[in-house]
Structures are given as C-alpha cells and as structure tokens.
Amino acid sequence: MEITIDFDKSVEANAESYYEEAKEARRKIQGARDTVERAKQKLEEAGSTRNRDNLTIKLDRRKPRWYEKYHWFITTNDHLVIGGRDASTNEQVIKKHAETDDYVFHTEAPGSPFVVLKRDGKRFSQDDYDEAATFSATYSQAWKNQLSTLDVFQVTPDQVTKETEAGEYIDKGAFMIYGKRREHKAQLSLAVGLWRDGNDILLMAGPRAAVHEHCTAWVDLAQGGKSKGEIAKSLMKLLCLNRTDDILTQLPSGTFSIDTVHTDDIQTI
C-alpha cells in the first residue's frame, strides 16, 4: 500500500486528508451494499409476483359445506353465522337451522335476510352480536341504497313464527316476530377472503374484522360504482381464483369499489 505525503501540509493536515478519503470510501462501500440489497429485494418481489401469477385456487375441488348454500361467515370468536339468499333459503335458515340457543337477526328494510348466529355450545361475546348485526345490515337493501348504518333487531328463534292473526297471509321467506327485541345500530362492513379450514380453502365474505381474523388473503370492499359482475372479475384476479361464480353468490345486492387489498401471503394458503 502506497501512502503519498503532501509536504506542503502539516502532519495533521495529511492525516485529516486520509481520514476524509477513508470516510468517502466507506460511504461508497455502504452505497454499493444498499444497491445490492435493493436489487435482491426486487428480484425476490419479482419471483413472488411470478409465483402469484402462476397460482390458481380452484374452490370447486371439494365437497361444499352445508352452510355454503347460504350467505355465511365465521365470527372473530369462531361462531358460524348464516343468512338467507332469497325467500326459499330464508325459510330454510329459520325452519331447519335456528335452534333454541341461537339468535336471529333481521331488519325492517324490505328484502332483508334472516340471519342466524349459531351457538354450537360456546358462549357468545358482544363482538359476536355486533358482527351478526353488521352481516344482517350489509346483506339487506342498505348496501344497494348506499347507506352506511342500519337498525337491526335481535330475537330468539321462538319469537320467529309463521303464525298470524286470523285472515292474514304471510309470504314465503317472511315471518312474524313477537315479543321484546334487542336493537343494534349496525355499521355496514364487507370483506372477501380466502380461509383455510383443515385441508379445504373456502371463500368467506362478511364483516371485515371477522374476515381479517380468519383469512390469509382478503380484499375490503366499499360501496362504489362497479357492478357485481365487474367486482367479481377484479376479486377473481386479486385472489387468484379460477372463476367468478363463487364470488357472485357471496356478495350483497348493489355496487362496489375496492378499498384495501391484503394478498401478499396468498402463496402460503
């Protein structure tokens, strides 16, 4: 190693000059390291994107769960919630699946589903009630009408009946509600995500908190300008699904926009 000394400078000045050159060299080395790290990160991201682009999740390669014929989700505390999709499934939700220890949620808005919060031997928390109420509001006409909140009431199954006053008629999918109600001011909330349950991957749509709790990848939706078909195509790409059929059946009536996307971990499903 050669050291050049400037005899026009003092010893201290020569030392300072070499010190500054050393600092500059260290900065260049660190800069080169940073460049290498950025390049590595870009390569990893590119590889991740390629893996994602090649990923296709086929939800139809399994036997459907019984509750998938309805609107459904799992609360943050692991309770199943189901809701009718039409008059026929409204009838089934109440007549076949509403048991003594469950709760029923409904709204006064026309076209609202009957929603059942299943106990399944576990205690309910306030979050369970709130999420079931949110689900009931979101799948009513409130989403289509661009409302942000809706009044929802909660009753026990024995308060829901087809019995009417003499001479009255009640339509298919509709029920009479008798007795005291517990009222909720529900905030509409919707996300769609992929939930791995054992060896199966299920598409779950419901309140954001519940979907975020259970799903590896999800997309938060808001009211917007895209039709159900348009948003289903967007979700199919974002969630790497092979078709839109499953998505279409999970969405409420109305129009949509994409709010937040969390799909970075989709390869781990």
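Started with glutamine 146: at 43% relative accessibility I log it as partly exposed (buried is under 20% relative accessible area, exposed is over 50%, partly exposed is in between, with a 1.4 Å probe and protein chains only). Glutamine 146 sits in the loop between α4 (141–144) and β5 (149–155); helices here are DSSP runs of H or I with at least four residues, strands are E runs of at least two, and both are numbered from the N terminus. Its phi is positive, about 65°, although glutamine 146 is not a glycine.

Ground rules, before I go on. This is a predicted model, where local features need pLDDT of at least 70 and side-chain atom pairs count only at pLDDT 80 or more, while totals for chains, interfaces and linings use all residues. I number residues from 1 along each chain as its sequence is written, and side-chain values use heavy atoms, with hydrogens and water left out.

Next, aspartate 78. I find a positive phi of about 70° at this non-glycine too. Aspartate 78 is in the loop between β1 (71–74) and β2 (80–83), and it counts as partly exposed at 42% relative accessibility.

Aspartate 78 also turned up on the contact list of histidine 214, along with Ile74, Thr75, Thr76, Trp195 and Met204. That list leaves out residues up to four places away in sequence, and contact means heavy atoms within 4.5 Å. Histidine 214 belongs to helix α5 (residues 208–214) and is buried, at 16% relative accessible area.

Then pockets. On a 1 Å grid over the protein atoms alone, a pocket is an open set of points where a 1.4 Å probe fits, with protein on both sides within 12 Å along at least five of seven lines; lining residues have an atom within 4 Å of a point. Points join across faces, edges and corners, and the volume is the space filled by probe spheres set on them.

The largest pocket comes out at about 360 Å³. I count 28 lining residues, and Asn90, Gly111, Ser112, Pro113 and Tyr139 are the closest to its centre. α2 (87–97) and α7 (245–250) are the elements that give two or more residues to this lining.

The second largest pocket has about 220 Å³. Its lining includes Trp72, Arg85, Arg243 and Asp246, and α7 gives the most, with three residues. By class I get four nonpolar, two polar and six charged (nonpolar is Ala, Val, Leu, Ile, Met, Phe, Trp, Tyr, Cys and Pro; charged is Asp, Glu, Lys and Arg; the others, Gly among them, are polar).
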